[in-house]
Amino acid sequence: MMDQFLEEVVTKRNKGMETVTYIVANVVMVLFALMAFMDFASITSVLAAEGFGLTFALVLVRMLIFGGLAFLMFIFRDRVKTEYEYTFTNGQMDFAQVYNNKKRKSLGTMNIRNVEACGLVSSGSFNRYINMQGVKRTNWFLNRDAELLYFYFQKDSQKRIIIIEPSEEMVSMIKRSLAQGVWQNN
């Protein structure tokens, strides 16, 4: 018997805005770092001229704020370029989030046999499940206008819905692995 295997990477269709945002984030990070460095350089002259006074405290606080903002921009700038990776292997789905083609974060694994309902988000069945009391919704997609698929299941007595953006080929493989009556057409 052949293994069923398919791996997909979902990227934004309109990468122009994503690229502009990434460039702006890098420019702003550099500007914040320069401001912090200029404040650091001026601390010694303020200290020599006025000592430990109000001006020194303001320059120190401003340096810490700009330095902190530069650091935060450095840490989170890669999240602007996010991709999702779906891997289907013999009825098992693995989900991962990839930042700027560098950092990979595993989101989890799901056995398709544990899914209680599955279907297209555009179907009426999705509204029935998403409006249930206490459902935790997880979005692992990038393009809102894509053909989205949902999985409804319960784990540790918590109702959950995962929404993904698979290709038609992956949807076909998922359908073949679902138990009878799980696929929702309406």
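Leaving aside its neighbours within four places in sequence, which residues is Ile164 in contact with?

**View 1. Ile164 and what it touches.** Skipping neighbours within four places in sequence, Ile164 is in contact (heavy atoms within 4.5 Å) with Tyr86, Met93, Phe95, Trp140, Phe141, Leu148, Leu149 and Phe151. A word on the model before going on: it is predicted, local features need pLDDT of at least 70, side-chain atom pairs count only at pLDDT 80 or more, and totals for chains, interfaces and linings use all residues. Residues are numbered from 1 along each chain as its sequence is written, and side-chain values use heavy atoms, with hydrogens and water left out.

**View 2. The largest nonpolar core.** A nonpolar core here is a set of buried Ala, Val, Leu, Ile, Met, Phe, Trp, Tyr and Cys residues joined through side-chain atoms within 4.5 Å; buried means under 20% relative accessible area, exposed over 50%, and partly exposed in between (1.4 Å probe, protein chains only). The largest one has 36 residues, and those with the most contacts inside it are Tyr86, Met93, Met110, Phe151, Ile161, Ile164 and Ile174. Elements giving two or more residues to this core include strand S1 (5–10), strand S2 (82–89), S7 and helix H4 (168–177). Helices (H or I, at least four residues) and strands (E, at least two) are DSSP runs, numbered from the N terminus. S7 gives the most to this core, with five residues. There is also a second, separate core of seven residues, with Ala36, Val46, Phe56 and Val59 among them.

**View 3. The open sheet S1-S2-S3-S4.** Four strands line up in that order with antiparallel pairing; two strands count as paired if DSSP finds at least two bridges between them. S1 and S4 stand at the edges with a single partner strand each, so one side of each has no neighbour in the sheet. S1 and S2 pair over six bridges, with Glu8 opposite Tyr86 in S2. S2 and S3 pair over eight bridges, and Thr87 has Asp94 in S3 as its bridge partner.

**View 4. Two faces of S1.** In a regular strand the side chains alternate between the two faces of the sheet. For S1, the covered face holds Leu6, Glu8 and Val10, while Phe5, Glu7 and Val9 are on the uncovered one.

**View 5. Positive phi at Asn100 and Asp156.** Asn100 isn't a glycine, yet has a positive phi of about 55°; Asp156, also not a glycine, has a positive phi of about 55° too. Asn100 lies in the loop between strand S3 (92–99) and strand S4 (103–111), and is buried at a relative accessible area of 12%. Asp156 is in the loop between strand S7 (149–155) and strand S8 (158–164), and is exposed at 69%.
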